[in-house]
Amino acid sequence: MEKALKKLVAFACIHLNLAEEDALYVYQMLLGHYKGLPPYEGDIDEGSLRALDRPDEIRKELAEHLLKMGYVGKRLDEEISFLFGAVTPLPSKVNERFHVLRQTDPFKATEYLYNLAVYSDYVKKSAIEANVHFDYMASWGKQIEVSINLSKPEKKNSDIAKLLGAPKVSEYPPCALCYQNLGYYGDDKHADRSNLRFVEIDIEGEKWYLQFSPYGYFKRHCILFARDHTPMEISPRVFKALLGFVDLFPHYFIGSNADLPIVGGSILNHEHFQGGEHLLPLTKANMRKRLVEKGSLTVDVVDFPVSTLLVRSPNKAELLLAAEKILSCWRVYDDEENGIFSQTEGKKHNTTSLICRKEEGVYFLYMMLRNNRCDETYPDGIFHAHPDKFHIKSEGIGLIEAGGLFILPARLKRQMAQVAECVEQKYTLEEAKKHFDDIEPFWVSVEKIRETGESIEDYLGDVCQNILKDVAVFKEDGVGQAGIARFVEACEL
Ligand SMILES: [Zn+2]
């Protein structure tokens, strides 16, 4: 163990900016943590450490020793995070370096923070690379992205809705996004966060924190979260915050989930945005129709199933005004012909998911029009994935997926292999049931693949594009498109 710890410290000096003058101090602290391990007197091969692009080898060696010392399961993960946290520079140092870099080059600043997150074992690069990820050519002639995420637990819409309404329990840390996670060792209910580092960012006079997602869905998937534990909102204040972020980091997009369950993301009770160095399929789509052109402001309907308005302008004030008008009009907008009701039984249904980018001085705000109403036919959401797709995806369709990048649950890797086997072996349902316990909901998949001869990937891609069509409040037919044009007119831009 003493050798593994010395290696960890040397690794941190090379990859984590641990100062040479702190190395001995940290090493001795760690030896003391394990009740007086003797120092390792031999040399460490720094050349081989330098070549590492991730900490896996170091983690593996530490884990082997920790297992022998009796650390198992979650305790083992917590202790490994603790060790990486101990050799990662203090939050103040990380903040200082990030902001020094940001002054001259925001790209270098975010790269610094990302690499620190990888080498400190917070961003699980190998786990991310193990995910299944492929592109699918959608019916509108552009690709959507489909991934099977092996690390993300599947959540139910009803649980998310419950969480939002739940009284604030006296838990510590209060939630997974609260700043109190910084340096938290972890316990039965809370994840280990000893190795977490985030930086403080000032946007429009408000404090936000920026960190990278441990199981990122795309390149440089980052999370910007509010200092205070306050619920998600979609408001002019949020438009300003998004625009402020792309002013600071124009090489990233930033987006916000809607502020209502079913159409939102998994955490509604702590305000946060998601962003990164990636172009979501929605932001690569063509324009279907220009509805407004006024000065330097344009509003287009995007050629994409999810009903999206792209509001564009180089003038921030002009864009903000248009976005505010669209939002306030949408909040109370009804369109009976398209089944859109903004309120029923005192419950509000209309909201937007947002994606913001900046390109050559022009702001792009994608406003996805969303509605979370349910009825007898669709008790889980009218503009949500319909039940014939639940075996593939039943969770809420948040901004990333509505933007065309699907994150499907880990179970599908196993279930799709079973589907493939049923197709290949020409099993009947009765035979298949003997081999696979939970094949029945997937029998529709087996039959469809048999009928079309398509690959598993094409099958999944097709389901995903159809989910996007379910999500659309204004469908792509004549009635829907006339509806969205009527709505934009009503906004009086
Ligand atoms: Zn919180």
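The domain assignment gives domain 1 (2-125) and domain 2 (127-132 + 141-405 + 476-490); such bounds come from an automatic or database domain assignment. This is a predicted model, in which local features need pLDDT of at least 70, side-chain atom pairs count only at pLDDT 80 or more, and totals for chains, interfaces and linings use all residues. Residues are numbered from 1 along each chain as its sequence is written, and side-chain values use heavy atoms, with hydrogens and water left out.

**Domain interface**

- The C-alpha centres of domain 1 and domain 2 lie 34 Å apart.
- Contact (heavy atoms within 4.5 Å) links 33 residues of domain 1 with 32 residues of domain 2.
- The two domains bury about 2800 Å² between them. Of this area, 58% is on carbon and sulfur atoms.
- Buried area is the accessible area (1.4 Å probe) that two parts lose on being put together, summed over both.

**Helix pair α1 and α4**

- Helix α1 spans residues 2-15, and helix α4 spans residues 56-68. Helices (H or I, at least four residues) and strands (E, at least two) are DSSP runs, numbered from the N terminus.
- The axes of α1 and α4 come within 10 Å and cross at roughly 155°. Axes are lines fitted to C-alpha atoms, for helices over the stretch in contact, and angles run from 0 to 180 degrees between N-to-C directions.
- α1 and α4 are therefore roughly antiparallel. Angles over 145 degrees count as roughly antiparallel, under 35 as roughly parallel, 65 to 115 as roughly perpendicular, and the rest as oblique.
- The crossing of α1 and α4 is left-handed. That term applies if the near helix is turned anticlockwise from the far one by less than a right angle; clockwise is right-handed.
- On α1, the contact uses A4, L5, K7, L8 and F11. On α4, it uses E57, I58, E61, L62 and H65.
- By class, this contact has 6 nonpolar, 1 polar and 3 charged residues. Ala, Val, Leu, Ile, Met, Phe, Trp, Tyr, Cys and Pro count as nonpolar, Asp, Glu, Lys and Arg as charged, and the others, Gly among them, as polar.

**Helix pair α10 and α12**

- Helix α10 (residues 236-248) packs on helix α12 (residues 316-331) at an angle of about 145°. Their axes are 10 Å apart.
- α10 and α12 make a right-handed crossing.
- P236, F239, K240, L243, G244 and D247 are the α10 side of the contact. They meet K316, L319, L320, A323, E324 and L327 in α12.
- The contact of α10 with α12 has 7 nonpolar, 1 polar and 4 charged residues.

**Helix pair α16 and α17**

- Helix α16 (residues 443-452) and helix α17 (residues 456-471) pack at about 115°, with axes 11 Å apart.
- α16 and α17 are therefore roughly perpendicular. Their crossing is right-handed.
- α16 brings S445, K448 and I449 to the contact, and α17 brings I456, Y459 and D462.
- The classes here are 3 nonpolar, 1 polar and 2 charged residues.

**Backbone points to check**

- Most residues other than glycine have a negative phi, and most peptide bonds are trans.
- Y172 and P173 are joined by a cis peptide bond, with omega about -10°. P173 lies in the loop between α9 (157-165) and β3 (199-203).
- E204, not a glycine, has a positive phi of about 50°. E204 sits in the loop between β3 and β4 (206-212).
- E360 also has a positive phi, near 45°. Its place is the loop between β13 (350-359) and β14 (362-371).
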